[in-house]
Amino acid sequence: CLTGDDAGKSKVRLWVINTTGVDAYFDVQYSTNNGSSWTMLGDGEFISNGAAYMFITSQYSNDTNVIWQWRGATSNPSSGSFTNGAPITISGC
């Protein structure tokens, strides 16, 4: 939870762990309006095999539902299907 002028808000950390067996590139995007629009957090972010990378959203108020998705490939994945991550609801701020 943030403090000061941003009290009552939070940023969301989205973790991607590369378990593909090879070094890969990942796209990560999130939505706060049930998928009507998406914000790109990572566009071809390189993640070594076995490594984790944390993507951080903008700040949002309590009760904001954040859905997110990712896709990966051995080169920048400019197309293809996304895999859904677990949705997160901001609370307790």
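Helices (H or I, at least four residues) and strands (E, at least two) are taken here as DSSP runs, numbered from the N terminus. The model on screen is predicted, so to speak of local features requires pLDDT of at least 70 and side-chain atom pairs count only at pLDDT 80 or more, whereas totals for chains, interfaces and linings use all residues. Residues are numbered from 1 along each chain as its sequence is written, and side-chain values use heavy atoms, with hydrogens and water left out.

Begin by selecting Thr-57, which lies in strand 4 (residues 52–61). With a relative accessibility of 3%, Thr-57 counts as buried, a word that stands for under 20% relative accessible area, with exposed meaning over 50% and partly exposed in between (1.4 Å probe, protein chains only). Display the side chain of Thr-57 together with the backbone nitrogen of Val-12, and the distance between them comes to 2.9 Å. If neighbours within four places in sequence are set aside, Thr-57 is in contact (heavy atoms within 4.5 Å) with Lys-11, Val-12, Leu-14, Tyr-30 and Leu-41.

Tyr-30 and Leu-14 return in the next selection, the largest nonpolar core, where they are among the residues with the most contacts inside it, alongside Val-16, Val-28 and Trp-68.

Now select strand 2 (residues 24–31), in which 7 of the 8 residues are buried. Strand 2 runs antiparallel to strand 3 (residues 39–47), with 6 bridges joining the two, and also antiparallel to strand 5, through 7 bridges; two strands pair if DSSP finds at least two bridges between them. Centre the view on Val-28, which stands opposite Gly-42 in strand 3 and opposite Trp-70 in strand 5.

Finish at Gln-69, in strand 5 (residues 65–73), which counts as buried at 11% relative accessibility. Polar contacts are pairs of N or O atoms within 3.5 Å; within protein, one must be able to donate a hydrogen and the other to accept it, and residues adjacent in sequence count only if both atoms are side-chain atoms.

Definitions and conventions
A nonpolar core is a set of buried Ala, Val, Leu, Ile, Met, Phe, Trp, Tyr and Cys residues joined through side-chain atoms within 4.5 Å.
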